[in-house]
Every structure is written in structure tokens, then in C-alpha cells.
Amino acid sequence: MAEEKKAEEKKLFKVTIDNITVDVEPGTTILHAARMVGGDVTPPAMCYYSKLKGSGGKCRTCLVEVAAGSTADPRPMPKLVASCRTTVMDGMIVKNITSERVLEARAGVVELLLINHPLDCPICDQAGECHLQDLSYEHGKEGTRYEFKRRTFTPHNLGEYIQLHMTRCILCYRCVYTANQLTNKREHGILDRGDHAEIATYIEKALDNEFIGNVIDVCPVGALTDKTFRFKNRVWFTKPMDAHRDCPTCSGQVQLWMRGDEVYRVTARKDEWGEVKDTTEGKPGWICNDCRFHKKSVKDWVIEGPTQVNRHSVISQGHYVNTVTPKETLPEVMGGRAPKLLMNIHKVSDVNRPEIQLSKIEGPAHSDDFKPPTP
Amino acid sequence: MSVKLLLEKAHVEGIRSFDVYRREGGYRSVEKALKTMSPDAVTEEVKKSGLRGRGGAGFPSGLKWSFLAKPEGVPRHLVCNADESEPGTFKDRYLMEFIPHLLIEGLIVSSFALGSHATYIYIRGEYAWIPDILEQAIAEAKNNGFLGKNILGSGFDCEIYVQRGAGAYICGEETALIESLEGKRGNPRIKPPFPAVKGVWDRPTVVNNVETLAAVVPIINMGGEEYAKIGVGKSTGTKLISACGNINKPGVYEIDMTISVEEFIYSDEYCGGIPNGKRLKACIPGGSSVPILPANLLLKTAKGETRYMNYESLADGGFATGSMMGSGGFIILDEDQCVVKNTYTLARFYRHESCGQCSPCREGTGWMEKILKNIDTGKGKMSDIDLLWDIQRKIEGNTICPLGDAAAWPVAAAIRHFRDEFEWHVNNPQESQTRNFGLAHYADPIYVPA
Ligand SMILES: Cc1cc2nc3c(=O)[nH]c(=O)nc-3n(C[C@H](O)[C@H](O)[C@H](O)COP(=O)(O)O)c2cc1C
Ligand code: SF4
Ligand code: SF4
Ligand code: FES
């Protein structure tokens, strides 16, 4: 009874995003409301990170149009707003993929994020799990109008664990917030300003705080990568496995990136937005350097099983068991009309066959494994 | 003949000293406010005066003050924005350098109105010699009982501190200024929350321009209603204009906002016309961020009416055919000036000054600068002009702070009004390196001094 009463008292706000209405708690951001809806309605977020206080507002990829501020004041907002830093009002109407203005501005942001990007995906360890790749694929335009030399920097050595490629950095500040919030003394930061701003330690210094490895997980691009995994494998050849160990420093709940019996890389577990998941105890699942860099043997870990992978992820190309299909929102956005599928890649491709679960194949997959069954 | 409220006494011998300033009637407003008025009554006078922020945006100051949150037990702060880094703007420097006590007086009265017991002046790093002048004025005011504890026996305590910036234009943006004042990297904050609710150290804060705060002195002395009678419409009081470029008498002028742009440029009381018999080509009327206007749209509006030196008239026609009062940095270009080079120079500035937090401004300013450099040096392509237009559109309105807009507007306005000059540069790569495009249609109507 008391519980029921409480639920009644808590007034929820109704917010409509791309024609889909959800009830959310006051104080929720537009981005979070959109994540509750899921699917294509969710704006891409390159700098916001829900586990990092103060993050967001910078990259401008999550811009949306507010067509009506609230029921009480239904005026539209004149400018596009950063959905990650704008809280909803009751009766707010938001347009994301149904707004031409948003799509144009977003394509603009993607173009600008890419003009100085080296596009060195073929030699970048982040390729395959890079948010900038996904963003460009989904919201960018083919070709570039930029005809100048791309920006370069004097390389800085951040020590034995973390590899910095400043040319790939999108200055999302996530690594700065991470160091501020997870370590007792931040040793790197952003020097200089404008398009010559860079991540550095000022005086050449190794980053060696026991939790600093998490900057690799929060970095949306290949600017900060794991030196112990450098050039060892492509992520889509490895199999993500949930595993844990009894760790005196952190929760010890991690994701192993394995090939056969070899552990190639250890990372924190991530959710479908690419953010570190909560541990079973409900705390953010940051992991310590020891788990991440030094426990590279299966003997170190209790393996729980294959990680759930979102079908949109390149990693899912391995067709792991536990693949989750993201919610399709397009018919709802389009007022009930279903988008016309021009081609179903699973039907026409011999290779991309969802019924084959690569994680069940011993060792590296071979083209023979994809041969259509002989009738 | 115009009224002078701020600079009238600026050239009295020895006015920098407390004694002379006081003898000339200084600090009367502090006595009046602290002894006979309540803080809210002071705010009320500022509201009545119609004073608008002199830092660029022109927001009504009294209204801004009334937004200040006043939670129990939380200190509030007044911060004076003396970062003045907008190219073409140097009015605050003049005021602080020549009549520093006027600012200190305005700060005391304003601090009283807002309940700020610790007030800060954040001053541009390059104004290296001015903090000493201000600190001396503060010390003198304190010695004479106008600062410190229990000012004039009113029970009001106030200290003023001078903080130097390190030379970043972005630290003039009020939330970047607050970050810098707190000792952090000068990145603008994401709003809301606004400074009126969470400013310095998360306390309610008002940030005002030097000139705005100095104007509080005459407002209290003469009363808000009297002050509002000076000027025209919503452009009340006097405004400091720093005039520079191709004029005979560059400098800082105090105008009441009823004079025409034509009078301001050509009369001997102000800029004194354009040197060497050259003709007027264009003008950036409110500091580098505001749209440039060709001569034909500067002296008269698109409707053919006389354009005046005030907020409304300068903005008449919107961005299509108008500009903005901005911070009052009035830059004149004569027929020998190249709009492409000018635009490139401004783009270089904005690229250098972007804080780099948000992608459109960080990347877009650099790209625009590179393209403009190409066009300026005869390496441009015709498609570059449309590309520039497209880039500025991608920046404008999509950034955290208005620096993005400030970088986009000059480029947009230059292309909007001077497209033929850009095209001429592209079509005549060699010739454009040896001579300027000249005037074309912009000087129409051609001004003939009477
Ligand atoms: C990039 C940028 C630079 C600015 N620089 C200054 C400045 O140097 N001085 C100033 O008074 N206001 C500056 N402003 C405006 C301030 O943000 C703020 O609006 C102003 O100080 C408010 O004072 P006012 O209401 O008295 O005009 C700047 C704004 C931006 C976006
Ligand atoms: S290094 Fe990575 S996490 Fe850090 S600011 Fe750059 S892109 Fe963001
Ligand atoms: S608009 Fe430019 S200066 Fe302002 S916050 Fe963004 S990057 Fe910084
Ligand atoms: S995710 Fe919102 S601005 Fe970057």
C-alpha cells in the first residue's frame, strides 16, 4: 500500500521523441529518455559518459531539436540543444531523426570531426569498436571537402601501459574526467586551446595510477589504446567473454578478449552505449591496472561465458551466442509505416549467416565453416 | 554637443588620485546609495535607467541583477569583466587607465545592490600596467573608508580584488572567466546553470562589463529616470565607442546614442573623416564579431533611413542588411582595404582563440582560416566561397558559447556583402596580389563632405 502511494506521488514527465512517447522521472536528460526508447531514436553521444560527472556538451553530435519546450510553455527552443545536457520538461516534444535541421547539423559535426582525423583505421587498434567509425558510418557523408594537411602533434609517451595517438583524439575530455574522478591525482590534461589543443602530461611523465587504465575504456576513439594489446589482434577476430577474479583492488569483473585459449586483452564490461557497466554490486565497473594489464592467462580468471553483444556491433560479426537484437523503432517513428528493406544481407551473403555461432567454433573461423549446407 | 557622463572628468589633472577624484564630486553615489537607499532601491534605479550591458550582448542590466539568486547563507559575488580582448575594442582600457576611481565607485555601489562582499575585477593579461592603477585606487578608497569593513558606517563590508588573466579572448566569456577566476582552464561552462544561480565557486554571481558598472555611478547620482532621458528608445545613456581604422582621429569617444553614423565618422568632434581624401568602403561597427557592413548599408539602412549609433538602428535590417552595436569597437575600412584579407585576419584570430571544447568551433575555425588564406594568397577556388558559407553555417548556433557565432558571423557577412570581391580574388590570383579590388558598388551613395 505505502509503496503504491509513493509511486503515485512521484509525478513522471511525458516526453515525446520522434513521435514516441515515454514517461521519465523529472531531472532525466533528453538523451537518457531517448536511450529508454532505444533504437534509431537515440542520438549518438561521443563525449557524454553517464558514469563521469560533468561530461558531455562538447562534441555536439547529440544535438536535437526541441519542437515544444513543455505543456506549460510549448514554445520551441530556437537553437538545437545538446540532448546529453538538457533535462526534459513535462510535455516536451523532441525531434531527432525526424528533424532535417538535426540531421544536417549532425552531418556537419561528423564532417568537422573527421577533417583532421588521420583515417588510419587499417592500423588502429580501436577499429571495429570505434565510436567515430560508427558515427561516420551512420551520420557522415562519403568523401571529404577538406583539402589541407591534417593536423599532427609531437608524440608523447604516457608510459608502458597506455598508447596515445593524439591525431585521433576528438577532445571529448572523458579521459580527463576519468583521471579526475578515479585517481587521487590527475597527471594528464588538455594543454593549449582550439584546434591545437592536445592531451599531454606537460612534463613527459608516465601515467601509472592503479586505475588510470580506465581511460582506455572511456576513449571513444583510438587515441588511448592498450599498449599490452597493441597490434596483437583485430577486435573482431577475438571473442569477448565475461570473466571474473578475486581482486583486492577492484571488482575483478571484466571482459576477456580471447582467441582460442589465449587472452589477448582485458577490458571493463560495457553496455550497449559503450559505457562501463555496473558491477553485480551496482557500482560502476571500473577495473584496476593489475586486472587489465597483467592478468593475461585463462588461469587467472573464472570464465562465465560469452558476452552479450549488440547485433549492430562489428564484434557481432562473429555471431556469438547471446547476441542481442536492438529494438527497431523506425516503424513507430514513421507512424506505423515499416521501412522498405532493400536487401537482407543475411539472405544474400554466404558468409554473414546468423545461425552460425562463431563462438562455438574451435579456434579461428575458416571459410569452410560458412559453406551453405549441401541440400 | 553630446553629454558626457563617464569621461567628463577623465582629463582633469591628477584625477587618478583619490583626492582629486573626490574633489571633483567622486564617490557621491556611494554616499547616496549606502546612506539613503536600500540595495533593492539601487537595483530599481538601474532598472529604471534602461542601462544595457556594455560588454556586447546589450542585455538589460537591472533585469540581470534581479535574476541573481539569493539563497540564505550563501555568499554572492559581483565580477567585473575587464577582459576586453575583442579586436577593435579598447574602451574599458581607457576608462580604467584614466579614471580608475569611477570603476571602483561603480563597483562599490553595485556590490552593495547585489550583496557582494568580495568583488572581483578580472582583467586581461595584456593590460599589464593597469592592475597597478586599479590596486592603487582600491587602496586609496579603502584608506578613505569607501571599502573594507562597515563602509561609511552603513554596516556594509566589501573588498575588491584584481585578478589578472593570462591573455585569452575566451576568458571574456562570462563562464570561462569564472572558471579562470577559480584557477581552472578557461573553458566556457555549459549552461544552464547560469552564473546568476551558480557562478564563482558555485555561488550566485553577476558578471558585468567595466563600462556597465561605471555607468551605475551617474545613474545613482542623477536617478534612473533622468538617465533614461538621455539617448533614444531602448538605447539609454551614453556609450563609449573605441574608433579605429582609416579615420583621422582614432580614439575613445563617449556618445549619447542619438548621433548618426555619418556624423560619428565625418564630424570633427568624433572620428574626423577618412584620411588622405579616401572614400569609405566598409565598417565593422561593434567589434570584430559583428557583421561587417558596406558603406551603402552603413550610413543608411536598407529602407533608406539614416542609421544612428545605437542598439536598434545599427541592428536594423537584421543580419541581412544590418549589424550590431556589440562592444562598441568601431572599425573603419577605406577604399584601399581588402575585405578578403580582413576576413582572413579575423578568422585567424578566432581560430587562435577558440577554447577547443566543442567540435564545430574547434575544427570549423581552423578550416575557415585555411580556406581564407588560400583565397587571400591567390590559391582559392570558386567552390571555396560556397564551402566557407557552408562551414560557417555548421558552426553558428551549434556551439557551447557564442565564440562560435562570433567566428561565423564575420565570414558570413563578408561573403554576403562582398561576394564579388571574393570572386575577383579567385579569378585574378595574380592581380589580387598586387592591388586591391577597390570600391565597386559599395560606396554608393558616395559621401561628399559638405
Ligand atoms: C568569446 C566572448 C568574449 C567576450 N569578451 C568579453 C569581454 O572582453 N568583456 C566583456 O565585458 N564581455 C565580454 N563578453 C560578454 C560576456 O560574456 C558577458 O556577456 C558580459 O561580460 C556581461 O556584461 P554586461 O551585461 O555588462 O555586458 C564576451 C563574450 C564572448 C562570447
Ligand atoms: S584521448 Fe580519447 S578520451 Fe581523451 S579526450 Fe581524446 S578522444 Fe577523449
Ligand atoms: S564555441 Fe568555441 S570557444 Fe566556445 S566553448 Fe565551443 S570551442 Fe570553446
Ligand atoms: S554527447 Fe552531447 S555533446 Fe557530446
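## Cavities in the predicted model

About 60 Å³ of space lies in the second largest cavity. In this predicted model, local features need pLDDT of at least 70 and side-chain atom pairs count only at pLDDT 80 or more, while totals for chains, interfaces and linings use all residues. Residues are numbered from 1 along each chain as its sequence is written, chains are lettered from A and ligands numbered from 1 in the order in which they are written, and side-chain values use heavy atoms, with hydrogens and water left out.

A cavity here is a set of points, on a 1 Å grid over the protein atoms alone, where a 1.4 Å probe fits but cannot get out; its lining residues have an atom within 4 Å of a point. Points are joined across faces, edges and corners, and a volume is the space filled by probe spheres set on them. The count by this rule is 6 cavities of 30 Å³ or more. The largest cavity holds about 100 Å³ of space.

The lining of the second largest cavity has 13 residues, and B:Pro188, B:Cys355, B:Cys358, B:Cys361 and B:Cys401 lie nearest its centre. By class, this lining has 8 nonpolar, 5 polar and no charged residues. The nonpolar class is Ala, Val, Leu, Ile, Met, Phe, Trp, Tyr, Cys and Pro; Asp, Glu, Lys and Arg are charged, and the others, Gly among them, are polar.

Ligand 3 takes the space of the second largest cavity; to sit in a cavity, a molecule must have more than half of its atoms within 2 Å of the grid points. There are 13 residues around ligand 3, and B:Cys355, B:Cys358, B:Cys361, B:Thr399 and B:Cys401 come nearest. A residue is near a molecule if one of its heavy atoms lies within 4 Å of it. The shell around ligand 3 divides into 8 nonpolar, 5 polar and no charged residues.

## The largest cavity and ligand 2

Ligand 2 sits in the largest cavity. This cavity is lined by 14 residues, with A:Cys169, A:Cys172, A:Cys175, A:Cys219 and A:Ala223 nearest its centre. The lining comprises 13 nonpolar residues, no polar ones and 1 charged.

The residues around ligand 2 include A:Ile170, A:Leu171, A:Tyr173, A:Ile199 and A:Pro220. Its shell has 12 nonpolar, no polar and no charged residues.

## Domains of chain B

Chain B is split into domain 1 (18-232), domain 2 (238-257 + 268-334) and domain 3 (339-442), with bounds from an automatic or database domain assignment. In chain B, the C-alpha centres of domain 1 and domain 3 are 36 Å apart.

Contact (heavy atoms within 4.5 Å) joins 13 residues of domain 1 of chain B to 9 residues of domain 3 of chain B. These two domains bury about 900 Å² between them, 68% of it from carbon and sulfur atoms. Buried area is the accessible area (1.4 Å probe) that two parts lose on being put together, summed over both. B:Tyr169, B:Ile170 and B:Pro188 supply 49% of what domain 1 of chain B buries against domain 3 of chain B, more than any other three residues.

## Contact between the chains

Chain A brings 34 residues to the contact and chain B brings 33. The area buried between chain A and chain B is about 2,900 Å², with 49% from carbon and sulfur atoms. A:Leu112, A:Phe148 and A:Arg193 give 24% of the area that chain A buries against chain B, more than any other three residues.

Technical notes:
On a 1 Å grid over the protein atoms alone, a cavity is a set of points where a 1.4 Å probe fits but cannot get out, and a pocket is an open set with protein on both sides within 12 Å along at least five of seven lines; lining residues have an atom within 4 Å of a point.
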